[in-house]
Every structure is written in C-alpha cells, then in structure tokens.
2 protein chains.
Amino acid sequence: MKQKHILLPPDQQVKSWYNVVADLPGGLAPPLDPATGQPMGPDKMGAIFPMGLLEQEMSQQRWIDIPREILEIWQIWRPSPLIRATFLEEALGTKAKIYYKYEGVSPSGSHKTNSAVAQAYYNKQEGVKRLATETGAGQWGCALSFAAHKFGLDCKVYMVRVSYDQKPYRKVMMNTYGAEIVASPSPDTPTGREVLAKTPDTPGSLGIAISEALEDTVSRDDTKYALGSVLNHVCLHQTVIGLEAKQQLALVGDYPDVVIGCCGGGSNFAGLAAPFVPDKLEGKNIRLLGVEPASCPTLTKGSFAYDFGDLSQRTPLLYMYTLGHDFIPPGIHAGGLRYHGMAPVISALMREKLMEATALQQLECFEAGTLFARTEGIIPAPESCHAVRAAIIEATREPDKPQTILFNLSGHGLLDLASYEKYFAGELVNYEMPDEAIAEATKNLPKL
Amino acid sequence: MKQKHILLPPDQQVKSWYNVVADLPGGLAPPLDPATGQPMGPDKMGAIFPMGLLEQEMSQQRWIDIPREILEIWQIWRPSPLIRATFLEEALGTKAKIYYKYEGVSPSGSHKTNSAVAQAYYNKQEGVKRLATETGAGQWGCALSFAAHKFGLDCKVYMVRVSYDQKPYRKVMMNTYGAEIVASPSPDTPTGREVLAKTPDTPGSLGIAISEALEDTVSRDDTKYALGSVLNHVCLHQTVIGLEAKQQLALVGDYPDVVIGCCGGGSNFAGLAAPFVPDKLEGKNIRLLGVEPASCPTLTKGSFAYDFGDLSQRTPLLYMYTLGHDFIPPGIHAGGLRYHGMAPVISALMREKLMEATALQQLECFEAGTLFARTEGIIPAPESCHAVRAAIIEATREPDKPQTILFNLSGHGLLDLASYEKYFAGELVNYEMPDEAIAEATKNLPKL
C-alpha cells in the first residue's frame with residue numbers, strides 16, 4: 001500500500017520563517033510614496049500597520065523566528081498534511097508522483113489563517129485593540145476574524161457586497177468567530193456613503209472595500225489595518241507551507257521537479273515556492289510554476305512597473321507585475337485570483353527568471369477540481385483548482401516520465417459549492433483577455 | 001508548549017474492526033420478521049443488502065479484518081487526528097484534559113464516510129452496480145456518493161425535500177461526487193407519486209425517503225440499499241474511531257475517565273465508545289456517555305422494545321430503545337439526531353448499564369459549539385455540538401478535578417452555517433418533550 005499521508009512529527013515543527021528577499025539576486029525595489037516618488041519609510045506606514053509587521057516588510061534577514069504564541073495557535077492545524085495523490089495518479093495513468101500540501105485544514109479553510117494569526121499577534125503586541133480589513137471572496141475575512149478573536153481583538157470586515165450576498169455562509173462564519181461584518185459600500189465610512197449616494201445598487205469592489213477599511217483605520221486610535229496577500233510580510237508568514245513540505249518530502253526521500261501554486265496576490269504560491277529558491281540558486285534543477293486565470297493574466301501578460309495596490313490609489317506604489325490598478329477582471333468564480341497586481345517578491349522572482357507562469361481557463365480548472373474531488377475526495381476551492389489543473393497538465397504531458405510534482409491545495413471549496421453548481425449546470429464560461437484590453441488597462445500606470 | 005495533535009503513525013493503522021456484540025453479556029436479540037414474529041435470517045434480507053454486510057450484521061466474532069481496499073481509501077483521511085482542546089480547557093478554567101477525535105477531516109465532513117466506503121466495497125465485491133439510499137440532513141448522502149464513486153458504483157440519493165431545499169450545498173456536494181439526487185417525495189417511485197398526488201407541498205420525511213429508496217432497490221436487479229446508522233454492521237465499521245483514539249491516547253500515556261458521543265441512530269457514539277467496553281467489563285473505572293437532544297430523548301425517556309426502524313413499517317423489527325416509529329421529533333437543527341430509535345448495540349449497552357445517557361437542549365449546544373469554534377477554531381456540526389456541550393459540563397462540574405475527557409467531534413458544521421445564523425439571530429428555541437407526548441407515541445409499538 002502506497003503511503004498517502006506524510007506527517008511531520010510535532011518535534012519537527014518549523015520555528016523560523018524564510019525571507020526570500022535576502023536571496024533575491026537583484027534585491028527588492030522599495031515601495032514609493034506616490035506624493036514624492038521617494039521610498040516610503042516605516043514611519044509613514046506606521047499609522048496603518050504595527051511596527052513588528054513593518055520591520056518584517058522591510059527586512060533583509062534570511063531567517064526570522066516565529067513567536068511561540070503563533071506556533072501555539074498554529075498547532076490547531078499545523079503541521080498541515082502533505083498527501084500523495086495516489087488516486088489521481090492512477091486516474092491519470094501517469095508515472096509522475098503528485099504530492100499536495102493541504103492548507104484547507106485550517107479553521108477558516110485556507111492558507112490565509114497562517115498570516116492572519118501572525119498579523120493579529122503583532123498587532124496585539126503593540127496594544128492595538130481592533131483590526132479593520134476588507135474581503136472579497138471571504139477567505140481572508142474568515143481567517144482574520146478567527147485570528148483576531150484568538151488574541152482578544154475586535155475585528156471589522158468590509159465585505160464586497162456581491163460576495164456578501166452570494167456567499168452568506170462566509171458572513172455567518174465570520175460572525176461565529178465574533179467579528180463584525182458589513183457589506184461594502186457601507187454607510188459606515190465617507191467613501192461608502194459617497195458611493196451609496198451615487199449608486200445605491202452597486203455590487204461593490206475590492207477597491208471600494210480597501211478604501212473603507214483604510215478610512216476606518218485612520219479614523220480611530222485603537223485600530224490598525226490588515227491585508228491578506230501581496231505584501232512581503234504576508235508572503236513571509238506563508239513560507240511555513242514550503243518549509244514543512246520540504247521536510248515532509250525529505251522524510252520519504254523525495255524532492256520536487258516542479259512546484260505549483262495558484263497566484264492571485266501571490267501569498268500561497270510564495271509560501272510554497274520561496275523555500276525552494278535557495279536550492280534553485282545553487283543550481284538544483286527545479287521549476288517553480290505560478291498559475292493564474294486567463295482572465296486576469298498578471299504574470300503572463302502584465303507590465304513590470306510601479307503601480308498602486310488598489311483602485312482608489314491610497315496605497316504606496318509597489319514595483320510589480322500589474323494589469324493596471326483600474327483593471328477590472330471578468331467575474332470568474334476564483335474570486336481570490338481576481339487581482340490586478342502581484343506580490344513584489346513573486347514579481348521579482350518572475351523578472352529574474354527564477355520562476356515561470358501559466359494562465360488557465362475557468363472551465364478546465366473546474367473540470368480538474370471535479371476529477372480531484374472524485375479521486376482524492378477533497379473538493380478544492382476554485383482558486384486551488386488552478387493548481388490542480390496545472391499539476392495534471394505536468395503529470396500527463398509525458399505520462400511515462402518519472403517525476404515529482406508538488407502543488408499547494410490552498411483551500412477547500414465547501415463554501416464555494418454554488419460555483420460548482422453553476423459549472424455543472426453549464427452556466428460558466430471562459431473569458432479571453434485580448435491584448436488590446438490589457439494595453440488599454442496598463443495605459444494608466446502612474447508616471448514617475 | 002502542550003502537545004495538541006496526537007498523530008498515529010501510518011504503521012500503527014487499525015486493521016481490524018471490533019465487534020462489541022461478542023462481548024455483550026446478554027448477547028443481542030435478533031431482528032424479527034414482522035409478518036411471522038420469528039427471527040429474520042440473512043436469506044430474506046439478501047434482496048436489499050449484500051451478503052458480506054449481512055454476515056457482519058449477524059456476526060458474533062470479536063475481531064473482523066478490514067479489507068485492504070477499504071484501508072487504502074481510508075488513507076485519504078485516516079488515521080484521523082486526536083486533538084487536545086487546550087484552548088477550550090483554558091477558556092473553561094478546568095484541570096480536566098479534554099481530547100476530541102476529529103472525524104470532520106473525511107471528504108464528506110463526518111464520520112459517515114467510514115461506513116460508506118465499507119458498504120460500497122462489499123456491494124462492489126458482489127457485483128452490485130448501483131446503490132440507493134435516503135438522506136435527511138445530507139451527511140450520509142454525501143458520504144455514500146463519494147464512496148460509491150470510488151468503487152465505480154452508481155448512486156441515487158432520495159433527500160428529504162425540506163433538507164433538499166434548505167441545504168442546497170449538500171446537493172451540489174453529492175453531484176460533485178457524481179451521484180444522482182432527487183427531492184423526496186419524488187415522481188420516481190410508487191410511494192413518492194402517491195404522496196405527491198395527495199400532498200404536493202409536503203416537506204417530506206425520512207420515513208417516506210426510506211420507502212422510496214427501498215422501492216427503488218427491489219424494483220431493479222442491479223441495485224442494493226445502504227443505511228448510514230443503526231445497524232450492527234454500520235456501528236462495527238465506525239469502531240475504527242475508538243480503536244485509533246485508544247492507541248493515540250496510549251502514545252501520550254493517557255486514558256479517558258469519560259467517553260462522550262452524540263446519539264442519533266448511534267453509529268458515531270458506538271464507534272468511539274464500543275472499543276472501551278472490554279476495559280469496562282474488566283472493571284476499569286470508565287464512563288461511556290451518550291448525548292441526545294431533549295426533543296428526541298430515545299435513551300433517556302424511550303421504551304426498550306421491538307419496533308420498526310421506519311415510519312412506513314418496511315424494516316424488520318429491531319430490539320431497541322424507541323420513542324415509537326411514528327414519533328415525529330420537533331425540527332431541531334441537529335437533523336442527524338432526529339431519529340425515533342437507537343442502534344440495537346447501543347440499546348443493549350444502555351440496558352446492561354454499561355453506558356449512560358443525557359439529553360440536552362438545542363440552545364445550550366449551539367452556545368457550546370460557538371465557544372468551541374472561538375477557542376479551538378473548528379465549527380462543529382449541530383449534532384457534534386451536543387458532544388461538545390456534554391464535555392464542557394463534565395469538565396466544569398468539578399473544575400479542579402484532574403480527569404481525562406474524550407469526545408467525538410463527528411463532523412464539521414461548514415454546510416450547517418445557516419443553523420448558526422438562526423442561532424445568532426435568536427430564531428432558535430428549545431423544545432420540551434412532555435412525558436404525555438412520549439406515552440402517546442409509544443402507544444403504537446408493535447404487539448408481538
């Protein structure tokens with residue numbers, strides 16, 4: 001009987017994060033203040049983030065200790081399992097070994113909880129009483145609601161209205177963890193009131209929700225802001241995924257030929273792939289493959305430039321692959337991948353050819369997710385279906401080639417079953433993203 | 001740092017089921033043919049169950065080997081984790097150690113998958129092509145849909161209409177696993193058509209759905225019937241839960257003072273508790289505590305008698321605690337606990353005072369589930385909330401008493417969040433079950 005689960009004994013728990021910035025050959029360009037075009041120091045960002053996280057955001061240190069309080073809460077679901085997809089391998093008739101790191105075991109059902117706990121901890125350390133954030137599909141909002149409660153922090157989540165209405169269970173989950181949720185645009189902030197006055201029936205957007213969470217933050221002394229992806233410190237927190245996976249593979253004497261993760265803001269891919277970068281720099285023959293939706297092809301068709309992280313131009317300028325901060329992707333059901341930009345660390349890895357990227361269509365990803373569910377049992381989140389599809393493509397391109405594939409199953413799809421229902425009913429479509437549309441969207445990149 | 005997860009190494013996988021029937025001091029009374037009042041042999045039941053399962057149903061053998069094919073599929077989620085509820089302990093301020101065995105890690109999210117895989121296997125072995133079943137809340141339907149597909153069997157699920165409408169995600173989950181689902185009553189069977197003609201707006205009932213699944217089964221040569229609880233073979237399959245838990249506790253040098261599980265049909269409690277019965281018979285000081293809803297108090301207020309397993313009197317007569325086969329419990333949200341009877345093996349343990357039972361109200365159980373979610377992260381299924389509540393009661397009665405509590409967290413509540421929403425909105429109520437109502441319901445027990 002082939003061993004399916006590779007368990008990491010508790011005494012081999014990962015105790016430090018790996019900061020890939022320390023190993024980027026070209027270093028990382030700093031965020032810029034849009035008002036001055038100059039690098040933005042931690043002083044100015046201190047109004048919205050605690051210093052502990054800003055230090056990590058700027059850090060050049062290779063290894064950063066994980067505080068005991070974070071490790072204790074992580075114990076609820078970490079080390080997460082590394083599972084060999086034996087039944088998927090059989091169904092595909094491949095000689096490839098396919099492993100997946102399963103992050104859906106966390107309380108909120110995705111990898112987001114890793115960083116949520118860390119962010120809540122550093123805020124608590126500095127006396128913050130309350131966190132404000134936005135959420136689109138809801139995974140981040142659920143993760144932060146849980147983590148905030150664990151540290152006795154209040155939490156307010158601005159949830160994009162269309163998701164708020166379409167995914168009522170996400171809202172209940174956040175309530176269960178004691179958080180306050182409001183549909184965005186809301187009557188609780190100046191931006192929310194303004195948008196509602198103009199367009200009372202708006203479905204909302206992540207751009208509006210970010211603005212609301214930031215306005216909430218700066219309007220109160222007791223509140224800081226938390227972001228679920230993109231930033232260096234978020235990617236750093238997620239490296240526990242790849243560090244555990246490396247140890248687990250070593251336990252069975254294996255090492256990946258290719259490492260795969262889906263890319264929205266970039267944190268789950270960075271978390272799995274970054275710990276393999278040093279090996280690649282030392283000449284190891286390993287491919288790191290990011291998977292994005294064809295409807296939002298940031299890495300495969302975007303520009304590498306300084307751009308805002310949000311539609312409303314309230315963030316610092318980040319040096320990254322971007323489709324333009326006013327690019328609105330089609331409404332695919334992998335809501336977590338509908339982001340115009342990409343984490344600066346991922347963008348740097350791409351720029352330096354330390355990773356590669358591919359863009360996949362919605363229907364082939366749901367097809368892959370369904371095959372995965374029927375063979376391996378777990379129903380993947382629509383975002384994670386992209387990684388599943390890419391793993392299948394790799395395993396079947398040369399089915400007789402013995403190779404080892406590792407991918408991140410970043411979350412389960414139990415709160416996304418309405419999307420599967422639409423897929424089965426034939427109501428989902430693919431989206432082409434013509435080059436002209438991308439050229440149009442990237443026309444408005446900020447001039448420096 | 002206290003160890004939270006107790007992992008069972010793969011080489012310590014449980015390889016045999018424990019059949020508590022072999023150790024029941026008074027033995028187990030056989031099922032009776034309602035037409036003759038005589039014991040019903042496997043020959044007559046062979047029309048609806050495969051012989052492999054009927055042999056287990058009648059078996060007196062203490063240990064029964066688990067076939068390799070079942071162990072292979074179980075590897076997807078087994079051994080399931082045993083987790084110490086350190087954060088709940090802290091919140092309660094108790095010196096008790098609280099451990100929970102977490103069965104929500106299975107693909108369909110509950111312990112039901114253990115028996116579903118076994119049942120699909122034995123049906124496949126005997127050339128069955130298709131399974132028919134009913135489901136109320138949906139956990140069993142999802143589990144069987146998954147298991148049937150793993151063995152290449154078609155599966156048709158008759159789902160009680162009110163659940164079908166209230167829990168649309170359950171239906172999608174079954175579709176994802178390739179099963180055919182129909183709301184019951186359906187136009188597909190004589191009983192369904194009859195009920196629909198008389199009462200087109202009926203919410204349906206488990207009694208009607210069982211009738212439909214049985215009619216479906218006997219109308220075709222390629223189909224057998226599958227049941228998710230109550231029967232001996234189902235309880236047998238679930239003993240993997242308690243066998244693993246014993247080994248896991250032994251790894252940390254612990255042993256429970258009290259073992260707790262919620263009781264609907266009885267299979268999850270039997271699965272956890274039965275393996276501790278031999279120790280109790282040998283004089284070990286251990287309590288086995290079944291928890292039922294106050295609105296359906298089978299063990300605490302029911303009669304011990306021969307009764308039908310279903311409303312429509314199509315099953316053999318089972319010797320068990322019962323509230324009467326025409327007892328309709330109030331609509332509490334722990335749908336899996338709304339059963340008038342109790343597994344004959346559980347009933348025998350109760351009768352012989354090898355276990356005890358308690359009945360809890362709905363609101364205190366949701367309150368406990370919410371506290372559990374906020375401390376331990378996992379949102380429990382409404383059924384499992386009953387076990388959580390009972391564990392809390394045990395741990396806080398004498399908070400300074402060092403004791404070890406083990407309970408079964410039989411499933412997660414991610415597809416039951418609508419029930420939590422109603423709880424938070426103050427829309428749920430408790431139900432008293434007056435003795436007169438029970439006397440009335442048990443008036444119609446079959447005369448032998």
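## Starting point

Keep in mind that this is a predicted model. For chain A, an unreviewed UniProt entry lists the feature "domain: Tryptophan synthase beta chain-like PALP" at residues 74-411.

## A sheet in chain B

Now hop over to chain B, where four strands line up as an open sheet in the order β8-β7-β6-β9, with parallel pairing. Since β8 (180-184) and β9 (223-225) of chain B are at the edges and have a single partner strand each, one side of each is left without a neighbour in the sheet. On average, neighbouring strands here are turned by 25° against each other, direction ignored.

Let's zoom in on one pair. Strand β7 (residues 154-160) of chain B runs parallel to β8(B), and five bridges join the two. If you'd like a spot to look for, Val160(B) has Ser184(B) in β8(B) as its bridge partner.

## Helices on the sheet

Helix α6 (residues 139-150) of chain B packs on this sheet and touches β6 (130-135) and β7 of chain B. The direction of α6 makes about 165° with that of β6(B).

Helix α10 (residues 206-218) of chain B packs on the sheet too, touching β6, β7, β8 and β9 of chain B. For α10, the angle with the direction of β6(B) is about 170°.

## Where the chains meet

How many residues does the contact take from each chain? Chain A puts in 45 residues and chain B 46 residues. About 4,100 Å² is buried between chain A and chain B, and carbon and sulfur atoms give 66% of that area. On the chain A side, Met1(A), Tyr169(A) and Arg374(A) lose the most area to chain B, together 18% of what that side buries.

There are charged and polar links as well. Two salt bridges cross the interface of chain A and chain B. Lys171(B) and Glu421(A) meet through their side chains in a salt bridge, at 3.3 Å from N to O. Between the chains, 18 residue pairs are in polar contact.

Which helices of chain A supply at least two residues each to the side that touches chain B? They are α3 (68-74), α6 (139-150), α8 (168-176), α16 (362-376) and α18 (417-424) of chain A. With six residues, α8(A) gives the most to that side.

Conventions
Residues numbered from 1 in each chain as written. Chains lettered and ligands numbered in written order. Predicted model: local features only at pLDDT ≥ 70, side-chain atom pairs only at ≥ 80, totals over all residues. Heavy atoms only, no water. UniProt positions renumbered as here; feature names shortened; annotations may be inferred. Pairing = 2+ DSSP bridges. Axes fitted to C-alpha atoms, helices over the stretch in contact; angles between N-to-C directions. Contact = heavy atoms within 4.5 Å. Buried area = accessible area lost by both parts, 1.4 Å probe. Salt bridge = Lys/Arg side-chain N within 4 Å of Asp/Glu carboxyl O. Polar contact = N/O pair within 3.5 Å; in protein donor to acceptor, adjacent residues only side chain to side chain.
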